[in-house]
Amino acid sequence: MEGFFGFFPCQKSLQTGKNFVLRYNIYLSLLEKKFGKVNYCIANCGEWELHYYQDERIFDWSEARDFQADVVVIRIGENIWQAKEKFKAHPIAPHYAKMVDYFCSNPNAKVVLTDLFWRNEEIDSAIRAVAKGKNYPLVSLNDLGECDENMAIGQFWHEGVAIHPNDQGMRKIAERIVEKIL
């Protein structure tokens, strides 16, 4: 596999003590079993979530776009709710679609989108509409966020951190995404 690109919101891992590391190791090990060595580019576009309606912000990640990945996974959206006062004036779907198009610079890339770990119908429906309109596979994650066993509850003192996916939740997310890639 020449290139794998993905971006993801904050995830927590007790095993690594660092955000992201375990998740990418899971993705990479699953992909490398099938394809051998994988080159990849990761962009943390959390800032886009807070300002999704400002389309020019996505240009901050031009280096990731220029990577021209063979597989593009877009795993983002949980923090868009923080801009909910903008939803009426700036519907999510058109801005999300522009962001997806921006990162899909390789016309032959396989593109995989996911809905949210924490169910939010307004955001999930926008993501589903873009996936359907562009005929991209959609990985559903809502059910994972409804099970405490997939969250870091009791593992972190901060409640906002503790409701993020734990190692088990991250593994399940990775397995579902890789299943769609394969």
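**Ground rules.** I am working from a predicted model, in which local features need pLDDT of at least 70, side-chain atom pairs count only at pLDDT 80 or more, and totals for chains, interfaces and linings use all residues. Residues are numbered from 1 along each chain as its sequence is written, and side-chain values use heavy atoms, with hydrogens and water left out.

**Confidence.** I looked up pLDDT, the predictor's confidence in each residue, from 0 to 100. The protein has a mean of 84, and 87% of its residues reach 70 or more. Strand E1 (residues 4-7) has the lowest confidence, with a mean of 46, while strand E5 (residues 138-139) has the highest, at 98. Over residues 1-21 pLDDT stays under 50, yet the model has 89 contacts beyond four places in sequence for them; a contact means heavy atoms within 4.5 Å. Where pLDDT is low, the predicted coordinates should not be read in detail.

**Layout.** I counted seven helices and five strands. These are DSSP runs numbered from the N terminus: helices are H or I with at least four residues, strands are E with at least two. The order from the N terminus is β-α-β-α-α-β-α-β-α-β-α-α. For contacts between residues at least 6 apart in sequence, I noted that 74% join residues at least 24 apart.

**Burial and surface.** The protein has 182 residues, of which 48% count as buried. Buried means under 20% relative accessible area, exposed over 50%, and partly exposed in between (1.4 Å probe, protein chains only).

**Helix H4.** I checked the length of H4 (residues 92-103): its twelve residues, at 1.5 Å a residue, should span 16 Å, and the end C-alpha atoms are 17 Å apart, which agrees. The expected span is 1.5 Å times one less than the number of residues. Buried residues in H4 include Ile92, His95, Tyr96 and Phe103.

**Positive phi.** Gln68 is not a glycine but has a positive phi of about 55 degrees. I found Gln68 in the loop between helix H3 (62-65) and strand E3 (71-74), partly exposed at a relative accessible area of 43%. Asn135, also a residue other than glycine, has a positive phi near 60 degrees. Asn135 lies in the loop between helix H5 (121-134) and E5 and is exposed, with a relative accessible area of 69%.
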